[in-house]
Amino acid sequence: MSSLPYLLLAMLLLPLLGSVLLLWLEDRLDEPLGGYAATAFAAMELGLAVAAMVVWLQGSGGVPSLAGFGGLPYVQSFRWAAVGGQSLDLQMYVDSLTIVMLAMITFVNLAVTFYSIAYLRGDKRFTRFFAYLLLFVFSIVGLVLSGSLVGLLIFWELVGLCSYLLIGFWHEKPAARSAAIKAFLTNRVGDVGFIVGMGMFVAYLGSATLPELWVSSHVEGMPHTLMTVAGVLVFCGAIGKSAQFPLQTWLPDAMAGPTPASAMIHAATMVAAGVFLLARVFPLLTTDARLFIAIVGATTITVGTLCALAQRDIKRALAYSTMAQLGYMVLAIGLGSWIGATFHLLTHAFFKSLLFLSAGSVLAAMHHESRLERFGGLWRHLPVTTIAFAIGSLAMAGAPYLSGFYSKELIIGHAAAWSALARDDGRSAVLSLLLWIPVIAAYLTPLYLTRLWVLTFFGRTRDRSLSRHAREAGVLSFPLVMLSGLAIVAGYGWFPVRSMVESAVTETQHYVQAFPQTISVDPLAGSWPVPQEAVDTDADTATQPADPLETRVTDGATRAASLTGWAWLVGMIAGFAIYARGFELTDRLAKFVPFHALRRWLASGMYFDDLYALVLVAPTQALSWAATAIDRNVLDPAIDFTARSVAQLGRTTAYFDQQIVDGVVRSTAAAAWQGAAVARGTQGGRVRVYVASAVLTLALGAAVVLWMVI
Amino acid sequence: MTLGLHHFLFLGAILFACGIVTVLIKRHAIGILMGVELMLNAANLNLVAFDHYTGTAPHGQTFALFVIVIAAAEAAVALAIFMNFHNNFASIDVDRGSELRG
Amino acid sequence: MDVALFYALAALVVAGAIGVVTGRHIVRMAIQLLAALLGVAGLYVLLAAEFIAAAQLVIYVGGTLVLIIFGVMLTARSGTSVLRPSRAEAIVAAVAGLALLTVLCVAIGSTSFPHVIVPRPADAVAPLGGALLNQYLFPFELASLLLLAVMLGAAYLARPLQRRPR
């Protein structure tokens, strides 16, 4: 365990070093060399993550009082600033969630980095991409390691910066430039809430580090309303970062960046940072805050799933799909399923990045064409990609024995239990939507995924000229295989994902469970307090059925299985049925105006972009235009006038100086000259005049003396 | 009437005044020198007169002797200067020597 | 007797002085001055200052006056025009002289001088010589230095000008 901090510190600093090195030597590193260097860094990083996991797993040796797997979290903190009576500390907080997240991040990073060597071949800023990727890895590692909200915020913003750099990597494209700015600004809007909420927590609870916040939220406590508000505000940061409603508009446009970047940050890691934040502040969320979060999550699922059905661009479709899956995670947190949310986060990272890299493989083969109209029948040209995409789709759809199945079942089971509890409690029936929305989405998800797969790989080729030269790059296939493997096994009990997440709950209970009346990290707790976790149907885990509420939970899990167990197959069949002949069926339906209008509405992302442009962007632009007008027509002339007045004043002063002041001086000089001329007259140079004056003076003086004497 | 001091003093005053007027009125350099000699003689007369009519010590006479000596020296120097002046200006008119004017 | 002698000599002196004042020709003025100096020497005798009288005659008349006449000769130009002062200058001079004379006469007239008849000493020269070598030794020596300096200076000053070659 003593080597753990060094491993983690190395994990933090190594990508930073790599990024700086690549930026510094950018001009000297030729094309593949920069990529190989970055891959070496990524491999080292993964090695460090695996080593850290090994150390962690051995760490506590089963003793609950030591740091390590199943024991305690490992905490290292140091003071950053002290303001008044409160201090802002930076802290490294390591629990099993941290370790498993680091492993996921580094694994996906290695796949993406290796993939990018081939994908970005020929790009004139080849090495810089890898530098940005490594910088991103540094930022996300720092975020995951952070145990203090302040440190988390710092790395949060860094992650946003890297996202901006990577989305706008091809900055010759105006779409990329504006997408990068849009992403950054939308995140910023969420960050305002985050900072205010964080400030509220720090102000009331006196510390910025998570363990202390968790503890002090129940020792001193915070007024319920304020705590709810603070929690909702912190959630605003997650709304921005994880593309939840209403700040979801940036994610589809962010697809203007290179596909590996999309895979890394917009599928696996950055967008998951929002969910990670929620997982960390979970004990600070009141029941009302969590209800709000659940509602937002459900709304996002709706928007994402529906819009994904009508997208004509493969990457945009995947973006909306990511949005919907993040909605699942957020909903899970809102309903209290901490394990469900984090587990789904990890599995989603694997199959979503797999889907994105497969799409990238298609794009690379089709000269960066991404519209579905041009695809079709590519299974002949891109066999490995076809299979990889299929595996990813099945995993996401929840096909049994694939990773997505386990995580999705957990969430829906929890939602069913929660809904049942809500009904028992006599709450409004509308809240049952929080169950039905994810259930319906579970049917629609495989539908749109199958749509994508069928339209891309199956059937007739729609654009022969483009697909004739489509060839699969062997190098690109290798990461696909890596990720496919993980998309399959990540859900299994023996694979350390599920167990790590569950252990994280145990470790956090070291801080929180000391207050049994209050909220704990356990799922379902706090909404309507049930201190047990939901179990999945496959594992034979014995629960403690002492609590009558426990039966609700098990019932919920069974119900979930019955509701959505075959959703994947139903959706797949429907997708094949509708899209086997390409767009034929849908285009025929489009002759009906309502269907056509619906399709247009969904394809544009429910017109949110236009709404925001009208309501937010246009007034801001008008304000800016007005300010410019004022500046140009009022302020500038005023300044010009001032300048002219000053110049005129200068001229007047100069005149005064020259005429009057100089005149006085000159006349004084003239007077002196004339006086001198008069005085000069006495020095005529004639001796006799001198003598005469002397004699006269003498006579005068003597007369005066005589006068006085006599 | 006996010869009194005031007789000599009055004479000395007249002599002195004549000397002054000569200095003032003459343009010839040597004429001015003559005026100066007159003034010196007037002073000498006063000195000797006082010496005669006051005490036994010959202070006045000694002083007068020195005056004579110095007058002679001064006359020599003055003439030398006049000769120089004459060499430079080709004239003995003191009005010509007005170059030191302000 | 003395009084008559005094007036006679005084007349000679004043005549000579007036002659100097009003003279136009420089050589005539020199002769007038000679007369004045002679008269003053006689007055010295009257004042029992024989040595001074003798010194006057030897140094002043025999030396200085001759020197003056030599000077006149050396600085004479051919066709010397009579140098006359302007009328304004003459008036100013007369006024100045008269003013001074008036003041002096008033001063003399308003002072009462003690009338002391001092018996004539037998030897007038000895006390003079004694004073020169005792009390006035320093001025005596200084006078000799002065004469040396005067000789050198006069010799230098009166050097002939060297015409610069053109």
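Visitor: Which residues of H15(A) meet H19(A)?
Guide: This is a predicted model. On the H15(A) side they are A:Val384, A:Thr385, A:Ala388, A:Ile391 and A:Ala395. Their partners in H19(A) are A:Ser477, A:Leu480, A:Ser484, A:Ala487 and A:Ile488.

Visitor: Is the crossing of H15(A) and H19(A) left-handed or right-handed?
Guide: The crossing of H15(A) and H19(A) is left-handed.

Visitor: Over to chain B. How do H1(B) and H2(B) cross?
Guide: Their axes come within 8 Å and cross at roughly 165°. H1 is residues 5–25 of chain B and H2 is residues 29–53 of chain B. Angles over 145 degrees count as roughly antiparallel, so that is the description for H1(B) and H2(B). The crossing of H1(B) and H2(B) is left-handed.

Visitor: What classes of residue make up the contact of H1(B) with H2(B)?
Guide: There are 17 nonpolar and seven polar residues, and no charged ones.

Visitor: Now between chains. What does H3(B) do with H6(C)?
Guide: The axes of H3(B), residues 59–89, and H6(C), residues 137–157, come within 9 Å and cross at roughly 15°. By the same cut-off of 35 degrees, H3(B) and H6(C) are therefore roughly parallel to each other. The crossing of H3(B) and H6(C) is left-handed.

Visitor: Which residues of H3(B) and H6(C) meet?
Guide: From H3(B), the set includes B:Phe66, B:Val69, B:Ile70, B:Ala73 and B:Asn84. From H6(C), it includes C:Pro139, C:Phe140, C:Leu146, C:Leu147 and C:Val150. By class, the contact of H3(B) with H6(C) has 16 nonpolar residues, one polar and no charged.

Visitor: How much area is buried between chain C and chain B as a whole?
Guide: About 6,600 Å², with carbon and sulfur atoms giving 80% of it. In residue terms, 76 of chain C are in contact with 70 of chain B.

Visitor: And what do chain B and chain A bury between them?
Guide: About 920 Å², 60% of it on carbon and sulfur atoms. There, 14 residues of chain B are in contact with 10 residues of chain A.

Visitor: How many salt bridges between chain C and chain B?
Guide: Zero between chain C and chain B, and zero between chain B and chain A. The structure holds 16 salt bridges over all chains.

Visitor: Fine, which residue forms a salt bridge with A:Glu157?
Guide: A:Arg188 does, with the closest N and O atoms 3.0 Å apart. A:Glu157 lies in helix H5 (residues 149–167) of chain A and A:Arg188 in helix H6 (residues 174–205) of chain A, so the pair ties together parts that are 31 residues apart in sequence.

Visitor: Backbone next. Where is A:Pro246, and what is the peptide bond to it from A:Phe245?
Guide: The peptide bond from A:Phe245 to A:Pro246 is cis, with omega near 0°. A:Pro246 lies in the loop between helix H8 (224–241) and helix H9 (250–253) of chain A.

Visitor: Last one: what phi does A:Tyr401 have?
Guide: A positive phi of about 70°, although A:Tyr401 is not a glycine. Most residues other than glycine have a negative phi. A:Tyr401 is in the loop between H15 and helix H16 (403–424) of chain A.

Notes: Residues numbered from 1 in each chain as written. Chains lettered and ligands numbered in written order. Predicted model: local features only at pLDDT ≥ 70, side-chain atom pairs only at ≥ 80, totals over all residues. Heavy atoms only, no water. Left-handed = near helix turned anticlockwise from the far one by under 90°. Helix = DSSP H or I, 4+ residues; strand = E, 2+ residues; numbered from the N terminus. Contact = heavy atoms within 4.5 Å. Buried area = accessible area lost by both parts, 1.4 Å probe. Salt bridge = Lys/Arg side-chain N within 4 Å of Asp/Glu carboxyl O. Axes fitted to C-alpha atoms, helices over the stretch in contact; angles between N-to-C directions. Parallel < 35°, antiparallel > 145°, perpendicular 65-115°, else oblique. Nonpolar A, V, L, I, M, F, W, Y, C, P; charged D, E, K, R; others polar.
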